[in-house]
Amino acid sequence: KSVLKDAYAGKFYIGTALNESQIEGKNEKEVALVKEQFNAIVAENCMKSERIHPEENTYDFTLPDKFVAFGEQNGMQINGHTLIWHSQAPEWFFEDGDGNTVSREVLIQRMKEHIHTVVGRYKGRVKTWDVVNEAVLDNGNLRKSKFYEIIGEDYLKLAFEFAREADPEAKLYYNDYSTALPEKRKGIVRMVRKLQEQGVSIDGIGMQGHVDINTPAIEEFEKSILAFSELGVKVMITEFDMTVLPSPWEKTGAEVSAKFEYSKEMDPYKEGLPHNIVRTFDSRCAAFFKLFLKHEDKISRVTFWGVNDGNSWRNNWPVPGRTDYPLLFDRNNQPKSAIDSILAVVY
Ligand code: G3I
């Protein structure tokens, strides 16, 4: 039987993101697959601030507690996602009771309370935290998020300091997407180096790894692995998946923020994948894992963003209702041929 976590044992953890129904144990087949194939987990949504801290002084630990218990019962490495992210942050965080923007001091206090409460609750149990998520734009500049606008660049330093206070042993990461883009790579290196110069201790950089079958980014991906590890931090591939669907932006040149209507053209593989696409998917998965293996001394974990194709956020973004095939198990939880390609790399 082909088992991913066994094949890569001693190299790096092989992780998966768990959605709500998997954490609730509602889908037995998916849960069985998680136990069989993976030795690391991350919560896809339930630890995001709008979920775990929906109102001031109100936390919802129901799912996060179950998630952590699941990891412990199954001897898995448990990863926390995510503490400070401009997206999926509750509105109240940035407003006072009258709907006005809060002061710098209040927002810092809220960040501190949030991080101390969440990280503190799982101290010693959640081994890594995505402390800050997606703070750098594709052009390398810092995102002008509400955290940035209200607190200033210092919010980055503070977030890591609060997390370190709350759990000195946890590994603290900066996490982002499109990290293979040259300008973004430089921006992240600049930001992390600056934090290090300020005495902030940061353990790793998470490269999300939402790739697609057509983008020839492997060489650029390697440059980022090297550039990040030269900062003296570990690299993790935190959200790997590979879409096979056409990108509306490349086709139309539209802005990334544009809304697209569902069309057959954007969903060409509803009836199943043609063999040539399967072959490309398999060989690119193998190429990425070959790269990860080459740098196994720098990489501590490779996590897939979902268990099976049906779970993936890719089916719903940027247009809801598409049929994508970005993961290693199909909609019936059967292993896809890409697994053999990934195993062939290591055996
Ligand atoms: O659970 C509710 C459901 O009750 C409700 O009826 C439905 C209607 O909108 O929404 C459901 O929640 C959705 C949730 O996914 C679960 O499916 C949210 O609207 C939707 O916004 C959410 O999307 C998640 C997205 O982050 C935003 O938080 C995706 O699942 C998740 O895969 C995605 O993950 C992100 C990482 O956190 C950061 N990096 C990029 C990655 C992909 O976007």
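## Strand β5 and its surroundings

In β5, Leu-172 is the bridge partner of Trp-129. The model is predicted: local features need pLDDT of at least 70, side-chain atom pairs count only at pLDDT 80 or more, and totals for chains, interfaces and linings use all residues. Residues are numbered from 1 along each chain as its sequence is written.

Helices (H or I, at least four residues) and strands (E, at least two) are DSSP runs, numbered from the N terminus. Strands pair if DSSP finds at least two bridges between them.

| Strand paired with β5 | Bridges | Direction |
|---|---|---|
| β4 (residues 128-133) | 5 bridges | parallel |
| β6 (residues 204-207) | 4 bridges | parallel |

In β6, Met-207 stands opposite Asp-176. From β5 the chain crosses through helix α9 (residues 182-197) to β6, in a right-handed β-α-β crossover; right-handed means that, with the strands pointing away from the viewer, the path from the first strand over the helix to the second runs clockwise.

A residue is buried if 20 or more other C-beta atoms, placed from the backbone, lie within 10 Å of its own. In β5 (residues 171-176), 6 of 6 residues are buried. Lys-171, Tyr-173 and Asn-175 cover one side, with Leu-172, Tyr-174 and Asp-176 on the other. Of the 347 residues of the protein, 42% are buried.

The protein has 13 helices and 9 strands. Its C-alpha trace spans about 55 × 45 × 40 Å along the principal axes.

Definitions and conventions:
A residue is buried if 20 or more other C-beta atoms lie within 10 Å of its own, exposed if 12 or fewer, and partly exposed in between; C-beta atoms are placed from the backbone.
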